[in-house]
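The sequence and the structure are shown first.

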Amino acid sequence: VSSGPDAIPTILGTAGEQPETAGQLIGILVVDQKHADGASTVRENILRRNTFAIMASDAAGIRVVDNQVNQALFGISIFDTEDGALVRDNRVLSSMIGIWAANEPIDSSPQPYYVTKDVLFRGNDTNGNGTSCEDETSGSGTEGTANTWVDNLALSSDPSGICPTAS
């Protein structure tokens, strides 16, 4: 995990065998990255049994690439992030939601927030999850979302069509 100049990265690892419940609340968290130049990169990690395996919140330009997530509630979660963020070639299995693009704080509080937009989700394998891909945003992107979804493998998605069903 490499950190951009103003990002606050947090890594909470789960070592050894964990019980069947989530081992840690968050596996990798990158938050408060204001500039896409020199953005943080989360690459080639293996995460298992987290509530949120990889989470980016307000992380402009972040790169989440070539990670493996297994048995998380939320595999890869992108909150309030824009400016060319990339989520590519990740594999998420046995999770409630494989990849989630959200446009509000987790606790749904009335505080102001930025919308997740202009994120490219490409080539991710999200087969074997409750919902493979979920995007709560709206805009001129794929299937009316504010983001672009290309060549992802999935069993289901919300809205339907952002991650076509794998054959």
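Ala85 is located in the loop that joins S8 to strand S9 (86–88). In this predicted model, Ala85 is buried because its relative accessible area is 2%, below the 20% limit for a buried residue. Leaving out residues up to four places away in sequence, Ala85 touches Gly61, Ile62, Arg63, Asp118, Val119 and Leu120. The C-alpha atoms of Ala85 and Ala36 are 7.9 Å apart, although 49 residues separate the two along the chain.

## Overall composition

The protein contains 15 strands and 0 helices. Of its 167 residues, 47% are buried. Among contacts with a separation of 6 or more, 53% are between residues 24 or more positions apart. The accessible surface comes to about 7700 Å², and carbon and sulfur atoms account for 50% of that surface.

## Nonpolar cores

The largest nonpolar core has 26 residues, and the members that touch the most other members are Ile62, Ile76, Val87, Phe121 and Trp149. At least two residues of this core come from each of strand S2 (24–33), S5, S8 and strand S11 (97–102). S5 supplies the largest share, 4 residues. Ile62 touches Val30, Gln33, Ala39, Ser40, Val42, Ala56, Thr81, Ala85 and Leu86, with residues up to four places away in sequence not counted. A second, separate core comprises 9 residues, including Leu29, Phe74, Phe79 and Ala102.

Ala53 belongs to strand S5. Ala53 is buried, with a relative accessible area of 0%. Apart from neighbours within four places in sequence, Ala53 is in contact with Gly27, Ile28, Leu47, Val69, Ala72, Phe74 and Gly75. From Ala53 to Gln68 the C-alpha to C-alpha distance is 9.5 Å, and the two are 15 residues apart in sequence.

## Aromatic pairs

There are 5 aromatic pairs in the structure. One of them joins Phe52 and Phe79 in an edge-to-face arrangement, with 6.3 Å from centre to centre and 65° between the planes. This pair links distant parts of the chain, since Phe52 lies in strand S5 (residues 50–59) and Phe79 in strand S8 (residues 74–79), 27 residues apart. Both Phe52 and Phe79 are buried.

Phe121 and Trp149 form a stacked pair because their ring centres are 4.0 Å apart and their planes meet at 10°. Phe121 is in strand S12 (residues 120–122) and Trp149 in strand S14 (residues 148–150), so this pair ties together parts that are 28 residues apart in sequence. Phe121 and Trp149 are both buried. One aromatic cluster consists of Phe52, Phe74, Phe79 and Trp100.

## A buried polar side chain

Asn67 occupies the loop between strand S6 (63–65) and strand S7 (68–70). Asn67 is buried, with a relative accessible area of 1%. Which backbone oxygen lies 2.9 Å from a polar atom of the Asn67 side chain? It is that of Val42. The backbone oxygen of Val65 lies 3.2 Å from a polar atom of the Asn67 side chain. Residues up to four places away in sequence aside, Asn67 touches Val42, Arg43, Glu44, Asn45, Ile54, Asp89, Asn90 and Arg91.

## Salt bridges

Side chains of opposite charge can pair when their charged atoms come close. The whole structure holds 4 salt bridges, among them those tabulated here.

| Salt bridge | Closest N and O atoms |
|---|---|
| Asp66 and Arg43 | 3.8 Å |
| Arg88 and Asp89 | 2.9 Å |
| Arg122 and Asp151 | 3.9 Å |

In the salt bridge between Asp66 and Arg43, Asp66 lies in the loop between S6 and S7 and Arg43 in strand S3 (residues 41–43), so the pair ties together parts that are 23 residues apart in sequence. Asp66 is partly exposed at 30% relative accessible area, and Arg43 is partly exposed at 39%.

Arg88 and Asp89 form a salt bridge in which Arg88 is partly exposed, with a relative accessible area of 26%, and Asp89 is partly exposed, with 36%.

The salt bridge between Arg122 and Asp151 connects strand S12, where Arg122 lies, with the loop between S14 and strand S15 (157–158), where Asp151 lies, so parts 29 residues apart in sequence are tied together. Arg122 is partly exposed, with a relative accessible area of 34%, whereas Asp151 is exposed, with 61%.

Conventions:
Residues numbered from 1 in each chain as written. Predicted model: local features only at pLDDT ≥ 70, side-chain atom pairs only at ≥ 80, totals over all residues. Heavy atoms only, no water. Buried < 20%, exposed > 50% of the residue type's maximum accessible area, 1.4 Å probe, protein only. Contact = heavy atoms within 4.5 Å. Areas by Shrake-Rupley, 256 points an atom, 1.4 Å probe, with all protein chains shown as cover. Phe/Tyr/Trp six-rings, centres within 6.5 Å; stacked < 30°, edge-to-face > 60°. Polar contact = N/O pair within 3.5 Å; in protein donor to acceptor, adjacent residues only side chain to side chain. Core = buried A, V, L, I, M, F, W, Y, C linked by side-chain atoms within 4.5 Å. Salt bridge = Lys/Arg side-chain N within 4 Å of Asp/Glu carboxyl O.
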